Amino acid sequence: MHHPLMITAYLAGPDVFLPNAVAHAARKVDICAAYGIRGLPPLNEDIAALAAMTDAAAGIAIFAKDLEMMAAADIIIANLTPFRGTSADSGTLIEVGWFLGRGRPIFGYSNSAVSFQERSRAFLKHNADPLPDVTVEGFGLPDNLMIPGAVQSDGRPAMVLPEDGRDRAFDALDIFERCVAQAAKYFRLIP
C-alpha cells in the first residue's frame, strides 16, 4: 500500500515509441516524484518474453500488462499531443476512456498549441478528403470535444497546453511538468 498522500499516476501516451523511451520515461517518473506522485510508465521491459511470442500474442500481452498497471493507478496523466495525425494517439484514448469509465481522475496535456479544428483544416489542405461533405469539428478545443471533455469531467482543470502559443517538440517535458503540477495541486500535494 502506498502512502495515503502519495498519488499513483499511469503515464499514458505514445512516448513508449520514442527511440529513447526508457530514459524519457525515467525523466517523467522523476518529475512526478518531485511533486509527490508515483509515476507508472507503460514500458514493456521483458523483451525476451515478448520476443518468444508471435507479434499478435506479444501485443495482447502488452495490453494485459498495461491494464494491470492502470488498475494499480489512482489517476492517469495522458500525453494527448497529436500523434501521426490530427488527434491524440488512439491507444492513449482507450486508456483515457478506461479511467473515465471508472470515475478515476484524468489529467491531460498536449505539446501542440494549435486547435483541433486548425490542425484538421491544415491536414485537409494537403490530403484528399475522403468525406468532403462531412464537417470539421469546431469549438476551438485542443482535440475532438470528447477528449478535453473527459479531462475536465467532474470539475477538473482543462488540458494543459503551451501558454505561449508555440508548439513544443513531441518529447518536450515542460508542458508535462505543468500537468503534473496541476494534478499535485488538485490533490493538495503542493500548495
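Tutor: At 55% relative accessibility, Arg166 counts as exposed, where exposed means over 50% relative accessible area, buried under 20% and partly exposed in between (1.4 Å probe, protein chains only). This is a predicted model, in which local features need pLDDT of at least 70, side-chain atom pairs count only at pLDDT 80 or more, and totals for chains, interfaces and linings use all residues. Residues are numbered from 1 along each chain as its sequence is written, and side-chain values use heavy atoms, with hydrogens and water left out.

Student: Which side chain meets Arg166 in a salt bridge?

Tutor: Asp164 does, at 3.4 Å from N to O; a salt bridge is a side-chain nitrogen of Lys or Arg within 4 Å of a carboxyl oxygen of Asp or Glu. Salt bridges that share partners join Asp164, Arg166, Arg168 and Asp174 into one network.

Student: And how many salt bridges does the count come to?

Tutor: The count is seven by this rule. One of them links Arg119 and Asp143 at 3.9 Å, N to O. Arg119 lies in helix α5 (residues 116–126) and Asp143 in the loop between α5 and α6 (146–152), so the pair ties together parts that are 24 residues apart in sequence. Helices (H or I, at least four residues) and strands (E, at least two) are DSSP runs, numbered from the N terminus.

Student: Are Arg119 and Asp143 buried or exposed?

Tutor: Both Arg119 and Asp143 are buried.

Student: Changing topic, how do strands β1 and β2 run?

Tutor: Strand β1 (residues 7–12) and strand β2 (residues 37–40) run parallel, joined by four bridges; strands pair if DSSP finds at least two bridges between them. Ala9 stands opposite Gly39 in β2.
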